[in-house]
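These exercises concern aromatic rings and the charges placed over them. Work through each task, then read its solution.

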Amino acid sequence: MFLFNIKKNQTKLSLFLLGLVSTCLTSLPVKAAEKIFFTYTPLKLSVNVESLELFAKEGIINEDLGQYLSRISPEDQVKFREALNKKLNIDGVMVSRFFNTDMGEDILLRLGKGITLEGGKNGGIALRGAIVQSALAPEGLTLLNVLKKYPTNLQIQGELIMGGVNYAELVIKATNLLVEEMRTWTEEEAQLSDVDYSQLADIRKAGQYQVKTEKWQLTDASRNRSFYADVFIPQKVSGNMPVIVFSHGLASRPEDYSDGLNHLASQGFLVIAPQHIGSDMIYFKEVFEGLNKNIFDRNEFINRPKDISFVIDELERRNATEFQGKLNLKNVGVSGHSFGGYTALAVAGATIDFDYLQQSCARHYSGLNLAMLLQCRALELPRENYQFRDERVSAVFAGNPVNRYIFGQKGISQISIPVLMGSGSDDPAAPPAFEQAVPFTWLSSENKYWALIEGQAHVNFTKIDGGIKEALDTTLNLTFPPQDLISNYVKGITLAFFEVHLNNNENYRPYLQSGYAEYLSGNNDFKLSFITNNSVNKLESSIEQFRRENNIK
């Protein structure tokens, strides 16, 4: 999650400090954890916290701890000691406020099933206190400090924890297999084409039109909802002007996507990107300023699609006076990222399947899927038959979409217009093996495409907040593709998609093939895979085989 600095507002700070003192006084333990128990029926093992502290600080392995560490290699002992001492540079106030949101508490209560109080009672709330106190302490947030701050002896439920570990390993296994097979299917589809892309125009480059940017202030009086929209207007376009509406992701803003949106506008598309006020960066920052209780407003599942339709309505109102009637508003494209991917699919016709969502959210280890945690919040909505389909929308691109569990097969199969899905192999927020692979097979449109970028990890790290970037840098040694490479992949395939399916421009059809992905990938370490409806049967067979081999229902 993004971390932000607190505004220097003395009143808010005073209120926070009073609340913090009150919380600490009512939650401080009579004694801290002395022992950690590990149960795995019929075994019940234990280790003293002070033994772990002695090992972490001085490297001394006493008899209590030695009975366990003697079973692992010296190299693993070093890694374990490093893990105990590894400090996360995260602001304690931010940690406290996140874990006091509904989503934060949901994560804790799910964790608390496996990390319990001695005796087996859910340890999530106690874990929150330990994490927050550790983060606020001078020595900072470390695993050792969390164990020391835990208010009672804690018990690790071995069966549940090992099940979670196995689930995580399954995600990694499925992802690695998916990346491998996507490469194979891309190569196989590419063999069906003999296009020499070196002789074609490079559509990743800026187009012929100069782009004027405007910021419109809009109000939908029917919903009492005011927001801005960034508008990218190509200049001196003769004839009709195609339109694309873009929906940003959770905790972001239209400006974060300006490079790609400007590229489409330079090719002759009017692009408009509305702010979603209940799930944008401003709303998210206010969570950590104590102004909002949740990471996003649950009504965003409803308001985001309605924002898209309202923006198209606004363009219809302005078309005659500001655009000389040039805007083509009968065939509109919609593009979105992450939560915006949900938004794009919703206006394309996907419907919420509450029964499937509830079943999915109740499953063991569902909390390990961040995208599912976001989708589970839709269960707070009134159970109605929501219809967000906008008939003016005729093609959508959904990048890293969160969509599988909120829509299910019943909801996704309602989409009949062309869809391009985009994924990243290293996406921890919306894992492609679970969030996009299966939904791609559910799409009923024959004009469906799926692009997967190796190494892409959901967010643009050049736009990331300094706090989260520092936290990642101090905890993980990650290597991602250059953002320019990711952007060039996306620019090429999205332009081709909208040219073919909005403008009926068959000159761009060759770019909407696996051969183009192969050409763009070249000798790059991080490849672009791209499949069409031609590979759906292979994908379905692979999914079914993986389920059988791993006993997944």
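**Exercise 1.** Which residues form one aromatic cluster?

Solution. The model is a predicted one. In it, Y197, Y508, Y511, Y516 and Y519 make up one aromatic cluster. A search over the whole structure gives 27 aromatic pairs.

**Exercise 2.** Classify the pair formed by the rings of F246 and Y257, and locate both residues.

Solution. A pair of aromatic rings is described by the distance of the centres and the angle of the planes. The centres of the F246 and Y257 rings are 4.7 Å apart. Their planes stand at 50 degrees, so the pair is tilted. F246 belongs to strand β7 (residues 241-247), while Y257 is in the loop between β7 and α10 (258-266), eleven residues apart. Both F246 and Y257 are buried.

**Exercise 3.** Are the rings of Y356 and Y405 stacked or edge-to-face?

Solution. The ring centres of Y356 and Y405 are 6.3 Å apart, which is within the 6.5 Å limit for a pair. Their planes are at 10 degrees, and planes under 30 degrees apart count as stacked, so Y356 and Y405 are stacked. Y356 is in helix α14 (residues 354-361) and Y405 in helix α16 (residues 404-412), so the pair ties together parts 49 residues apart in sequence. Y356 and Y405 are both buried.

**Exercise 4.** Over the face of which ring does R304 lie, and over which does R377 lie?

Solution. R304 lies over the face of F339, at 4.3 Å from the ring centre. R377 lies over the face of F296, at 4.7 Å from the ring centre.

Definitions and conventions: Residues numbered from 1 in each chain as written. Predicted model: local features only at pLDDT ≥ 70, side-chain atom pairs only at ≥ 80, totals over all residues. Heavy atoms only, no water. Phe/Tyr/Trp six-rings, centres within 6.5 Å; stacked < 30°, edge-to-face > 60°. Helix = DSSP H or I, 4+ residues; strand = E, 2+ residues; numbered from the N terminus. Buried < 20%, exposed > 50% of the residue type's maximum accessible area, 1.4 Å probe, protein only. Lys NZ or Arg CZ within 6 Å of the ring centre and 35° of its normal.
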